[in-house]
Amino acid sequence: MILKIKIRNLIILILIIALAISSILIYQNNKIYSVSTTEKKFIKYVEFNVPYSLLDCALKYDIKFHNTEKPINWIELIAYLGAKYGGEYKRYKRSHLDKLVKKLTDGESMEKLTEGMKYYDYYLEAYTAVLDGFVGEYEIEQQKKDTEEETEWVKKYGLIAFSPIAKGYEYWHYDDFGVSRTYGYKRVHLGNDLMGQVGTPIIAVEGGIIEALGWNRYGGWRIGIRSFDNKRYYYYAHLRKNFPFKKALKVGDTVKAGDVIGYMGRTGYSNTENTNNITKSHLHFGIELIFDESQKESNNEIWINVYNIVRLLNRNKSKTVKNLETKEYHRVYDIKY
Ligand SMILES: [Zn+2]
């Protein structure tokens, strides 16, 4: 009798453990994709922790093999490694990337190479949402050789996205994503702070439509720009007191990558408009991913760590010039893409 009860208890215990394990697995799966059949299926969670060296090398391969018979897509390279490591980039080695590129240029297809890789599609979709607007064909104005005044249009392929800081302006930053902030309520830092001088021209990283422009009690004077594919919301905050934005800009306007949009300052952390309440002048720069409009302003916003992106963009800076009458800055070299 006692033995029977013990066996029954043991079976119940095993059932409880099995149930607990399966609910943990379902929960973790839910974190990545919504699985309910009545809900739309879209990505709900992205951690962007791709190392700078991988972004840099993958981009070089993409540019190198552009216009060849076997073009290489840098986002696919990164997604392949992301899926291989399960997002654990501590395992990243340059040789892994080189071997992958060798296979692809030898004629193997990415489709074949990723067969049976459970999360390749997830990483590809997530990283495409992050990086899709960054690289492509474009035309840019350039100084004509041996002239100082005249410019000419030059066709190029490569990084179209610009550093948020104009050319010739100093800034410093470190990886401060996720550190705690206390103003208002307890929360974590969802961007990267670029410390520099008040008045430094702030540049649109990617082109898009201005979605927000004005005062926000946290961000102070801030601009929000949505990429044309709607996937990325760029957030530029703490702009200058009294003269925060490029004056002509308004919600609904289109901007191009490399355009001046505003000026660095230290506004924010106040309910009163136009208040300097930040000690060190800096640009708060953030990117939110939007796979479904319901995510835009919700409890499940996806802000990614942009630190390595800012490092990558440092090589592409927009040159600006001041209009002495209006005190406004403008880009020197226009772009078409
Ligand atoms: Zn910040």
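User: Which order do the three strands of the open sheet have?
Analyst: The order is β2-β1-β16, and the pairing is antiparallel. Strands pair here if DSSP finds at least two bridges between them. Helices (H or I, at least four residues) and strands (E, at least two) are DSSP runs, numbered from the N terminus. Please note that this is a predicted model, in which local features need pLDDT of at least 70 and side-chain atom pairs count only at pLDDT 80 or more, while totals for chains, interfaces and linings use all residues. Residues are numbered from 1 along each chain as its sequence is written.
User: Which strands stand at the edges?
Analyst: β2 (151-159) and β16 (335-336) do; each has a single partner strand, so one side of each lacks a neighbour in the sheet.
User: Over how many bridges do β1 and β16 pair?
Analyst: Strand β1 (residues 135-143) pairs with β16 over two bridges, in the antiparallel sense. Ile140 stands opposite Ile335 in β16.
User: Moving to helices: at what angle do α3 and α6 cross?
Analyst: The axes of α3 (residues 74-85) and α6 (residues 120-131) cross at roughly 135° and come within 8 Å. Axes are lines fitted to C-alpha atoms, for helices over the stretch in contact, and angles run from 0 to 180 degrees between N-to-C directions. The two helices are therefore oblique to each other; angles under 35 degrees count as roughly parallel, over 145 as roughly antiparallel, 65 to 115 as roughly perpendicular and the rest as oblique.
User: Which residues make that contact?
Analyst: Among them are Ile75, Ile78 and Ala79 of α3, and Tyr123, Leu124 and Tyr127 of α6. Two residues are in contact if their C-beta atoms, placed from the backbone, lie within 7 Å.
User: Now Val260: buried or exposed?
Analyst: Val260 is buried, with 21 other C-beta atoms within 10 Å. A residue is buried if 20 or more other C-beta atoms lie within 10 Å of its own, exposed if 12 or fewer, and partly exposed in between, with C-beta atoms placed from the backbone. Val260 lies in strand β11 (residues 260-263).
User: What is Val260 in contact with?
Analyst: Leaving aside neighbours within four places in sequence, its contacts include Ala166, Pro201, Tyr329 and Arg331.
User: And how many helices and strands does the protein have?
Analyst: It has seven helices and 16 strands. Of its 337 residues, 33% count as buried.
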